[in-house]
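Q: I'm new to this one. Can you take me through it after a quick look?

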Amino acid sequence: MNKTIRRASVFALLLVLALLVRATWLQFYDGQALADDNDNRRNVIATYSRPLGNIIVAGEAITGSARTKGSDLAYKRTYTDGELYAPVTGYASQAYAPTQLEGIYTDLLNGTDNQLKTVMDTVTGERADPGNVLTTIDPAVQKAGYRALGGKKGGAVAIDPKTGRILAVVSTPSYDPSALTDASTAGTAWKALNADKDKPLTNRALRQPLPPGSTFKLVVAAAALEDGLYENVDQPTDSPDPYIMPGTVRPLENENKSAPCRNASIRVALRYSCNNVFGHMAVELGQDKVKDMAEKFGFNDDEQDVPVRAYPSVYPSGMDKAQTALSGIGQFDVTATPLQMAMVSAAIANGGKLVSPHMVSQITDSGGDVLKDYDDATDTSEIISAGTAEQLQSAMETVVKDGTGTNALIDGATVGGKTGTAQHGENNSKTPYAWFTSYGKSDGNGKEVAVAVMVEQSDAARSEVSGNGLAAPVARAMMQAALK
């Protein structure tokens, strides 16, 4: 063989080897990446080639699957009472990435979760039968909150203080996830929902932190009692009225000008929602101590999963004393979600202990065998002492019996709460936010519930916007449903 032929043969062999190496690389390395690529149409076809697993509320599926026509996607997701449960389920769409529980448990619901695979599934590479997600939601509480919020823009959360089970996640206005499930029509619905000025896709219960106003005074009161600044809720405080915020000539005014807020005790100050008391108290404690207490309750936690990731509620740092005073009444840069304020009331109601909130109780395989039990995996943290919790319960009950929260009264139950009306816009130029955080304990059956409600916008006149007027009736409806 002459030199030219030999060189050509070696070159050809190298090309063949290169092709073999490349083919092997594609098959065993890039192949899996290509198979898992979100733009790979085969994945969507496989996901919707058969019915998905379901999301369950009180033993009943609130999701389903329906056959499609004229599409290579054989099934599409369906929803029962879609608008009611949208803040819980989210949506599973043929066109868009899934959200909420649909997104978190995508693999379980479409059968690709490794927990579902049998030995035969592993050998054959076939998808397992899909599993199901069992929620902690109580349909009666969910419906009560949704109906009570009605045409208002807002959010509400109900939690069982003893177990951490989330009984309701309500957000209004809502949307029907069914409008987004079919690829042929989802685009039009998506554009309309995103163009809606009321932002129905926003989960206001978990993912819209806003100034909590006077409901935050519970956190400041807890910090003062735990720190020993005051021994109990009936000790007079050192609270001038008017209270001029440090470094300014501006008084921290009270909504009720005739309220007995000068040197008022914590009980009286919560009853009348005295701004001077809690603004001055926050300055006395210092922002670090208030922040420490807020973080114990859950503020500044950017990994708050229930298992849906909630937006963090914020207590800021680096404030001057005037800003610290404003933070003491839930203003300046303090923000909270209804979930967060429900957690505050839940911990107080539960003797100072916060059980980690969660809205999924179990995930199961197609046969109902439990793969994971979240009720058994909850963490409990002591936020405040039992004595402090008892003091705050007593003061919160005064708020409902004789103070600003009387619209939350329930026959046959002990109710404690705190109202809030948070300023909105420069110089409070826009409609304020109405808040109410509370707990209820049945006098007969031992049931307990903690509820927080935020009304972002309503048809009420600006002068009529208050936590007691707008938010407390919603909380009362939810507590009544939970305590039956």
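A: A term to begin with: buried means under 20% relative accessible area, exposed over 50%, and partly exposed in between (1.4 Å probe, protein chains only). This is a predicted model, where local features need pLDDT of at least 70, side-chain atom pairs count only at pLDDT 80 or more, and totals for chains, interfaces and linings use all residues. Residues are numbered from 1 along each chain as its sequence is written, and side-chain values use heavy atoms, with hydrogens and water left out.

Q: Arg 77 and Glu 102, buried or exposed?

A: Both Arg 77 and Glu 102 are buried. They form a salt bridge, with the closest N and O atoms 2.9 Å apart. The pair links distant parts of the chain, 25 residues apart: Arg 77 is in strand E4 (residues 75-79) and Glu 102 in helix H4 (residues 100-104).

Q: What counts as a salt bridge, and as a helix or strand?

A: A salt bridge is a side-chain nitrogen of Lys or Arg within 4 Å of a carboxyl oxygen of Asp or Glu. Helices (H or I, at least four residues) and strands (E, at least two) are DSSP runs, numbered from the N terminus.

Q: How many salt bridges are there in the whole structure?

A: A search finds twelve. One of them joins the side chains of Arg 50 and Asp 129, at 3.7 Å from N to O. These two are 79 residues apart and link distant parts of the chain: Arg 50 sits in the loop between helix H2 (41-47) and strand E1 (55-57), Asp 129 in the loop between helix H6 (119-124) and strand E5 (132-135).

Q: Why does Arg 50 count as partly exposed?

A: Because its relative accessibility is 21%. Asp 129 is partly exposed too, with a relative accessible area of 48%.

Q: New topic. Which residues form the nonpolar patch on the surface?

A: Val 10, Leu 13, Leu 14, Val 16, Leu 17 and Leu 20, with about 550 Å² of accessible area together. Areas come from the Shrake-Rupley method with a 1.4 Å probe; for residues, only the protein chains shown count as cover. Patches are made of residues with over 30% relative accessible area and no salt bridge, joining like charges within 9 Å and nonpolar side chains (Val, Leu, Ile, Met, Phe, Trp, Tyr) within 5 Å.

Q: Where is Val 16?

A: Val 16 is in helix H1 (residues 3-36). Val 16 counts as partly exposed because its relative accessibility is 44%.
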